[in-house]
Each structure stands twice: as structure tokens, then as C-alpha cells.
Amino acid sequence: MSDPGNSTANAVGADRSLGQLVASATAEMSALVHDEIALAKAELRQDVKRGAIGGAAIIIAGVFALFSLPVLSFAAAYGIHNLGLGLAWSFLIVGVAFLLLAGLLALLAVAKFKKVKPPEKSIASAKQTAAVLQGVKPHTRPAEVKVTV
């Protein structure tokens, strides 16, 4: 039987529960950090996808704008022959059509770029975690008494 007043038995029980508490807190902090990293990765992956679509739209708009020059020349040569239109009208019709298409793709790119945002959920979660951890006060240990002879 152990004596309830025995301080060594109580100290061993307190050390064990303290160790369990530290292990539990460490595991929970590790899980929290891993979850926050996973959340940040998911948000960034979504924003990278939006940025890639916007970038592709800008590249396609540039290609169409670049290809409009030879097409305008081609349309002018055969437009006069087939439709009987003047040279200026042939240039104008084809040029305006390709520039409108390039403009629409540029607007799509701008709309996709505007949807790219910082990882707001991860930032809020990290701020909340930091606020909780700042409120925690460490357990004060009693000062050791030194006996001098």
C-alpha cells in the first residue's frame, strides 16, 4: 500500500501525467501544422490553376493578334477577287474580326487574374493559432533553494 502523503509517489504520477500532456500537446501541434500546410497547398493549387488559365488566354490572344497580319494580307488579295470589295474594306473587316477575338480573350484573362487571391483561410487560421498560442502562459517552476554550508 502506498501512503497518500508519500511525496515521491505523487511526483512520479505527476511526471507521468505531465509527460502524457506534453506528448499530447506535441502531437496536436504537429497535426495542426500539417493541416494548415495542407490547407495552404489546396488554396495555392486552385489559384495557380486560375493563373494558368488566364496566362493561356493572354498567350492565345497574342497569337491571334500576331496571326491577324498575314490573314489580313491574304483576305485583301482574295477579297477583292471574290467579293469585289475594295482593298480597304477587306483589310478592315478581317482585321476588326481578329482584334475583337483577341479583345474577348484578353477580357477572359483579366477576369481569371482578378479571381487569384491570397490563401485567406490559411492566413486566418494561422493568425488564430498564433493568437491562441500567445495567450498561453508557461507554467512557472518554483525556484530551487540552495543550501549553503
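Biologist: Is Arg 50 buried, partly exposed or exposed?

Modeller: Please note that this is a predicted model. The relative accessible area of Arg 50 is 26%. Buried requires under 20% and exposed requires over 50%, so Arg 50 falls in between and is partly exposed.

Biologist: With which residue does Arg 50 form a salt bridge?

Modeller: A search of the whole structure finds one salt bridge. Its closest N and O atoms are 3.5 Å apart, and the cut-off is 4 Å. The partner of Arg 50 is Asp 47.

Biologist: Which helix holds both Asp 47 and Arg 50?

Modeller: Asp 47 and Arg 50 are three residues apart, about one turn of the helix. Asp 47 has 11% relative accessibility and therefore counts as buried. The helix that holds both residues is H1, residues 7–83.

Biologist: How far apart are the C-alpha atoms of Val 33 and Thr 129?

Modeller: Val 33 is also found in helix H1, and at 45% relative accessibility it counts as partly exposed. Along the chain, Val 33 and Thr 129 are 96 residues apart. Their C-alpha atoms are separated by 9.6 Å.

Biologist: Which helix contributes the largest share of the nonpolar patch?

Modeller: The patch lies on the surface, with about 710 Å² of accessible area together, and its members include Leu 83, Trp 89 and Leu 92. Leu 92 counts as partly exposed at 45% relative accessibility, and its place is in helix H2. The largest share, five residues, comes from helix H2, residues 87–114.

Note on methods:
Residues numbered from 1 in each chain as written. Predicted model: local features only at pLDDT ≥ 70, side-chain atom pairs only at ≥ 80, totals over all residues. Heavy atoms only, no water. Salt bridge = Lys/Arg side-chain N within 4 Å of Asp/Glu carboxyl O. Helix = DSSP H or I, 4+ residues; strand = E, 2+ residues; numbered from the N terminus. Buried < 20%, exposed > 50% of the residue type's maximum accessible area, 1.4 Å probe, protein only. Patch = residues over 30% accessible without salt bridge, like charges linked within 9 Å, V, L, I, M, F, W, Y side chains within 5 Å. Areas by Shrake-Rupley, 256 points an atom, 1.4 Å probe, with all protein chains shown as cover.
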